[in-house]
Amino acid sequence: MSVAIYPGSFDPLTCGHVSIIERGLRIFDKVIVGIAINIQKVPLLTLEERVALIQQSFPGDEVEVDSFEGLLVDYARRRNCTVLLRGLRAVSDFEYELQMANMNRKLDDTIETMFMMTEESHFYVSSRLVKEVARFGGKVEGLVPKHVEAKLNEKFGR
Ligand code: PNS
């Protein structure tokens, strides 16, 4: 069975993430969504909330939602997985992603990072911008799944 880990913060899941997972499933039998626990970042959504929102979008067995602390390559080794899946949006993502992919390769050259270009309809969508828009009362309809939109409205008291 071919498996890829799709790592990230998913704070929150966006339609861009959903698209990468769906397209990843055309290539891999299973996608493990690995939510990174980063003690230096204070997330808007708790880990449990993020897990639940992703599971709600992908209730089937072909997507597993998990979390990890520490290095991504260590997590991939623990999960016996050699492919990391990442989405690339604009050129601005490229440098950061190139750095991460090379650092991960330096740490473990048996683990490969695979990039998928984000669909053009989602290239400007990021969790950070979605949170900012939602915080100030802007509409995030179409940028995140409906249940994520409801959770953001709840968080920001709307
Ligand atoms: O969604 P994000 O915040 O862009 O995801 C970044 C993430 C979680 C993939 C990255 O920060 C990560 O892999 N963190 C785990 C710690 C680690 O392995 N750091 C070294 C990688 S260069």
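The protein chain exposes about 9,000 Å², and carbon and sulfur atoms supply 53% of it. Accessible areas come from the Shrake-Rupley method with a 1.4 Å probe; for residues, only the protein chains shown count as cover. This is a predicted model, in which local features need pLDDT of at least 70 and side-chain atom pairs count only at pLDDT 80 or more, while totals for chains, interfaces and linings use all residues. Residues are numbered from 1 along each chain as its sequence is written, and side-chain values use heavy atoms, with hydrogens and water left out.

Start with the overall form. The C-alpha atoms fill a box of roughly 45 × 35 × 30 Å along the principal axes. The radius of gyration of the protein chain is 15 Å, which agrees with the value near 15 Å for a compact globule of 158 residues. That radius is taken over C-alpha atoms, and the globule rule is 2.2 Å times the number of residues to the power 0.38. Buried residues make up 46% of the 158. Buried means under 20% relative accessible area, exposed over 50%, and partly exposed in between (1.4 Å probe, protein chains only). Among contacts with a separation of 6 or more, 75% join residues 24 or more positions apart. A contact means heavy atoms within 4.5 Å.

Now the elements. The protein chain has 6 helices and 5 strands. From the N terminus they run β-α-β-α-β-α-β-α-β-α-α. Helices (H or I, at least four residues) and strands (E, at least two) are DSSP runs, numbered from the N terminus.

Strand β5 (residues 112-117) pairs with β4 in the parallel sense over 6 bridges. Two strands pair if DSSP finds at least two bridges between them. Within this pair, L85 stands opposite M114 in β5.

I111 sits in the loop between α4 (91-107) and β5. Its relative accessibility is 3%, so I111 counts as buried. Beyond neighbours within four places in sequence, I111 is in contact with V73, A76, R77, C81, T82 and L84.

Next, the backbone. Most residues other than glycine have a negative phi, and most peptide bonds are trans. The loop between β1 (3-8) and α1 (15-24) holds P12. The peptide bond from D11 to P12 is cis, with omega near 5 degrees. F10 is in the loop between β1 and α1, and has a positive phi near 50 degrees. F10 counts as buried because its relative accessibility is 2%. N80, in the loop between α3 (72-78) and β4, is not a glycine but has a positive phi of about 55 degrees. At 72% relative accessibility, N80 counts as exposed.

Finish at helix α6 (residues 146-155). Its buried residues are H147, V148, E149, K151 and L152. They pack against α2 (47-57) and α5 (127-135). Just after α6, G157 takes a positive phi of about 70 degrees.
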